[in-house]
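Here's a quick briefing to read with the model open in your viewer.

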Amino acid sequence: MGLFSWKKDKSSQEITLLGVKGQIATMKCLLMAGIKEISLKTTLATPETKIDHINSYQYIDGTQKVPTLTQGDFSVSGARAILTYLDVRGKGTSLIPKKARTLGLQNYWVDVCYQALSPATEAMIHGNMTVEDKIALERVLSSLNKILADNQFIVGQLSFADPHAAAYIYVLKCGGYDISQHPNIEKWITRLEEKMSGPLNIEYLPMQTGSSNSQVA
């Protein structure tokens, strides 16, 4: 191959996403793609698809991890990895805060999503939410609503905390959970949708309480 030989640029290849309808992890990826203005060719399995838990991933037919993002010969699975890839590949500035304090707050809220929002939201989805689950959920929502009274986004600037948390809010709303007592959260969702040039397509959000399908965070 000569010094000036042409080599195909794989960076322009189509980006595809394999996920599950209503799955929170998949929704996080769709939200990030919208925020970063990345067009995804998305294939979504139905919520009825039999799924097994393995760490933070889900498997379809025992072979494919979901959500999984593929571009050319590159493939990566899991919401955290996919969000990072989309952040780098997408338009605009990175969602990773440069200030240590802001970065720490971002990571704190991502942990809150996994440790507090996830179990409470899944309990609601399965129709077995306890009083303790609702108390835990309301504690997080109240804190988030208070923070968003003074901030445009969760840590002030747009960060990874926003698509992580927003996915749970979409699921809660589609599952019939009343968040009207938290108006700042509603306004924040509107701001995110403006970043995405519109709301997340409702076809991605077929939530029915009491479903046997688990929603990995």
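A contact here means heavy atoms within 4.5 Å. With that in hand: among contacts between residues at least 6 apart in sequence, 74% join residues at least 24 apart. Keep in mind that this is a predicted model.

**Overall fold**
- The protein chain carries 6 helices and 7 strands.
- Going along the sequence, you'll read the pattern β-α-β-β-β-β-β-β-α-α-α-α-α.
- Of the 217 residues in the protein chain, 48% are buried.

**Helix H4**
- Helix H4 covers residues 131-147, and its 17 residues at 1.5 Å each should span 24 Å; the end C-alpha atoms sit 24 Å apart, so expectation and model agree.
- Which residues of H4 are buried? They are Leu137, Val140, Leu141, Leu144 and Asn145.
- Look down the axis of H4 and those buried residues fall within an arc of 135°, which means they line one face of the helix.
- Val131, Glu132, Arg139 and Lys146 are exposed on the other side of H4.
- As for partners, the buried residues of H4 pack against helix H3 (100-125), helix H5 (161-174) and helix H6 (183-195).

**Thr102 in helix H3**
- Thr102 belongs to helix H3, one of the helices that the buried residues of H4 pack against.
- Is Thr102 buried or exposed? Its relative accessibility is 15%, and the cut-off for buried is under 20%, so Thr102 counts as buried.
- Set aside the neighbours within four places in sequence, and Thr102 is in contact with Pro97, Val155 and Gln157.

**The second largest pocket**
- About 160 Å³ of space lies in the second largest pocket.
- Its lining is made up of Ile35, Lys36, Glu37, Lys91, Gly92, Thr93, Ser94, Leu95, Gln157, Leu158 and Lys195.
- By type, the lining residues split into 3 nonpolar, 4 polar and 4 charged.

- Most residues other than glycine have a negative phi.
- Where is Glu37? It sits in the loop between helix H1 (24-35) and strand S2 (40-45).
- The relative accessible area of Glu37 is 51%, and the cut-off for exposed is over 50%, so Glu37 is exposed.

Note on methods
Residues numbered from 1 in each chain as written. Predicted model: local features only at pLDDT ≥ 70, side-chain atom pairs only at ≥ 80, totals over all residues. Heavy atoms only, no water. 1 Å grid on protein atoms, 1.4 Å probe; cavity = no way out; pocket = protein on both sides within 12 Å on 5 of 7 lines; lining within 4 Å. Points joined across faces, edges and corners; volume = space filled by probe spheres on them. Nonpolar A, V, L, I, M, F, W, Y, C, P; charged D, E, K, R; others polar. Helix = DSSP H or I, 4+ residues; strand = E, 2+ residues; numbered from the N terminus. Expected span 1.5 Å × (residues − 1). Buried < 20%, exposed > 50% of the residue type's maximum accessible area, 1.4 Å probe, protein only. Arc of directions from axis to C-beta.
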